[in-house]
Amino acid sequence: MNAVHVCFDGTLFDYFNGYEDLKNKKVRFVGHAKQRIQEDYLRILRYFRFYGRIVDKPGDHDPETLEAIAENAKGLAGISGERIWVELKKILVGNHVNHLIHLLYDLDVAPYIGLPTSASLEEFNKVSKNADGFSPKPMTLLASLFKVQDDVTKLDLRLKISKEEKNLGIFIVKNRKDLVKAMDSSEPLKPYQDFIIDSRESDAMPRVCELLKYQGEHGLLQQMQQWCIPPFPVSGHDIRKVGISSGKEIGALLQQLREHWKKSGYQMEKDELLSYIKKSEN
């Protein structure tokens, strides 16, 4: 936020005491905060971004700066969503993210940058703590503010997030309560593995890993990152070889065999699975 220049010979030109601010880990606007913000309202988010990079502890703000931000928050409504999203993502991966997101709401900045007005800040507190130290994606943290999937859609309309980011947000909101570890099993990772097997999408595992960060399941996350997705050993061609030609029947049998395979912990091989078809014919 401060204008500091250094020549090739090492001479420092510092007209606004920026060097002292850096030593003291302070973030300030150059000159009057209100004037600087009104020149470019995106500087509001840049203030929060630099705060998360430079300052040692939360809550060390100049009251004048916070007042200027609150008075000019509406100006962000005229800033393009793409520019806002670039800054917001950097805030989410910086330090003091819990404090800064709360401040966005306290200063009435949130509604002008696409965040839900009725956000679940308690959930955000929990998730930011769960994921601390595990490099969650920005959307993984942001999803904790959303109560319903439509909140992700509204964010996309405002910020023009990528398809991958939108799908991750919807996935977490949809599955965070239902896709959980098996409590009464020696295989707590199994529900997540089954989900990936059933999904058959290339990005299913990365999404599940983000969900595990969201849930604070660090041990399961490490196991998941080491797990190699096993290939299902039976194809429709294999079923045709045993004399079944109906496409509908083949599809139903493949699903039945897949369930047997999952229950075996993905250990059953092709011949063993095909034997179920032969038994049913007899």
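At roughly what angle do the axes of helix H11 and helix H12 cross, and within what distance do they come? In this predicted model, local features need pLDDT of at least 70 and side-chain atom pairs count only at pLDDT 80 or more, while totals for chains, interfaces and linings use all residues. Residues are numbered from 1 along each chain as its sequence is written, and side-chain values use heavy atoms, with hydrogens and water left out.

Two packed helices are described by the angle between their axes and the distance between the axes. The axes of H11 (residues 190-199) and H12 (residues 204-215) cross at roughly 155° and come within 9 Å. Here axes are lines fitted to C-alpha atoms, for helices over the stretch in contact, with angles running from 0 to 180 degrees between N-to-C directions. H11 and H12 are therefore roughly antiparallel (an angle over 145 degrees). To this contact (heavy atoms within 4.5 Å), H11 brings Tyr192, Phe195, Ile196 and Ser199, and H12 brings Ala204, Met205, Val208, Leu211, Leu212 and Gln215. Sorted by class, eight of these residues are nonpolar, two are polar and none is charged. In this sorting, Ala, Val, Leu, Ile, Met, Phe, Trp, Tyr, Cys and Pro count as nonpolar, Asp, Glu, Lys and Arg as charged, and the others, Gly among them, as polar.

Helices here are DSSP runs (H or I, at least four residues), numbered from the N terminus. Helix H5 (residues 81-92) has 12 residues and spans 16 Å from its first C-alpha to its last, close to the 16 Å expected at 1.5 Å a residue; the expected span is 1.5 Å times one less than the number of residues. Buried residues (under 20% relative accessible area) in H5 are Gly81, Ile84, Trp85, Glu87, Leu88, Ile91 and Leu92. Their cover includes helices H3 (43-54), H6 (97-106) and H10 (163-175).

Another buried residue is Thr140, with a relative accessible area of 0%, and its place is in helix H8. Neighbours within four places in sequence aside, Thr140 is in contact with Val127, Leu168, Ile172, Glu210 and Tyr214.

Finally, the backbone deserves a look. Most residues other than glycine have a negative phi. Ser135, however, has a positive phi near 50°, and Tyr266 has a positive one near 65°. Ser135 sits in the loop between H7 (121-130) and H8 (138-142), and Tyr266 in the loop between H15 (247-263) and H16 (270-281). Ser135 is exposed (over 50%) at 61% relative accessibility, whereas Tyr266 is buried at 11%.

Note on methods. Helices (H or I, at least four residues) and strands (E, at least two) are DSSP runs, numbered from the N terminus. Buried means under 20% relative accessible area, exposed over 50%, partly exposed in between (1.4 Å probe, protein chains only). Angles under 35 degrees count as roughly parallel, over 145 as roughly antiparallel, 65 to 115 as roughly perpendicular and the rest as oblique.
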